[in-house]
Amino acid sequence: MILIISPAKKMRRDLDFLEPRGLPVFLEKTEQLLAYLRGLPFPELKRLLACNEEIAQRSFREFQEMDLQNGLTPALLAYEGIQYQYMAPRVFEAAYFDYVQEHLRILSGFYGILRPFDGVAPYRLEMQAKVKTSFCKSLYDFWGGSLAEQLAAQCGGTVVNLASQEYARAVRPHLPENVRFLTCLFGEEQEGRVVEKGVYVKMARGEMVRFLAERQAETPEEIQAFRRLEFSFREDLSTETHWVFTRKNHKKKKG
């Protein structure tokens, strides 16, 4: 099985901790995107990235100076969001690194798909960014079925979805029917329905990757043993394609 996760907006460059083991598989397509982004005037890039002045200025400089071949950081160590903090790869044992290199893939609007030790440069480009060019109508159009094709060839029949809807959408519609797409949902039961809360979802996704790496899990069924951050598997709320994990609602009742 292959686990898929989303990237994070915030990134770091670290040339000292661990070296990359290779380059992203779709680097030629990334080079095409980079050439387009470098050609945008600053105001247009800022509108595309939908961010504040400081982030836009930094991103503009990064794209202008970017080297896709040198001075790179392993993808798993480059992203700094909540999911990655709870995964805590910087304190992985060696066996965990080997596990995620085989079983984990990071989806990216800029790189397409990344193995944990693929070398990357800091960038900002979300999958849903309104990229409309002579060669694509959107990033979903740009990547097309290529990401799903890669996953289908490597997943052994099952893709475990720990990504946001924004990124899962780049894969799910293109997978062949014989590949199982299993989404893990993390939420709280409220008035008969499961409500997902963004921060807890990101925390749980990171913990889930770490949990499976610690167990060296090879089958989807091992996912059901997840018991972290007070989440536990709910067979009664789950379906064949969506496995639900709930935690206690700690919100105090009024009165």
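Q: In which sense do strands β1 and β6 pair, and over how many bridges?
A: Keep in mind that this is a predicted model. β1 (residues 2-5) pairs with β6 in the parallel sense. There are 3 bridges.

Q: Which residue of β6 is the bridge partner of I2?
A: V159.

Q: And what about β6 and β7, how many bridges there?
A: 4 bridges join them, and the two strands run parallel. β7 covers residues 180-190. T158 has R180 as its bridge partner in β7.

Q: Which way do the residues of β6 point?
A: β6 spans residues 158-161. T158 and V160 point one way, V159 and N161 the other.

Q: Are those four buried or exposed?
A: T158, V159, V160 and N161 are all buried.

Q: Switching to helices. At what angle do α6 and α10 pack?
A: About 110°, with the axes 9 Å apart. α6 is residues 94-103 and α10 is residues 198-215.

Q: What does that make them, in words?
A: Roughly perpendicular, because the range for that label is 65 to 115 degrees. α6 passes α10 in a right-handed crossing.

Q: Which residues make the contact?
A: From α6, Y96, Y99 and V100. From α10, V209, R210, L212, A213 and E214. By class, the contact of α6 with α10 has 6 nonpolar, no polar and 2 charged residues.

Q: How do α1 and α3 pack?
A: At an angle of about 125°, with their axes 9 Å apart. α1 is residues 27-38 and α3 is residues 53-65.

Q: New topic: V131. Where is it found?
A: V131 sits in the loop between β5 (119-120) and α7 (139-143).

Q: Buried or exposed?
A: V131 is buried, because its relative accessible area is 0% and the cut-off is under 20%.

Q: What is V131 in contact with, leaving aside its neighbours within four places in sequence?
A: Y36, L48, L125, C136, K137, S138 and L139.

Q: Last one. What separates the C-alpha atoms of V131 and R228?
A: 38 Å. Along the chain, V131 and R228 are 97 residues apart.

Technical notes. Residues numbered from 1 in each chain as written. Predicted model: local features only at pLDDT ≥ 70, side-chain atom pairs only at ≥ 80, totals over all residues. Heavy atoms only, no water. Buried < 20%, exposed > 50% of the residue type's maximum accessible area, 1.4 Å probe, protein only. Pairing = 2+ DSSP bridges. Axes fitted to C-alpha atoms, helices over the stretch in contact; angles between N-to-C directions. Parallel < 35°, antiparallel > 145°, perpendicular 65-115°, else oblique. Left-handed = near helix turned anticlockwise from the far one by under 90°. Contact = heavy atoms within 4.5 Å. Nonpolar A, V, L, I, M, F, W, Y, C, P; charged D, E, K, R; others polar.
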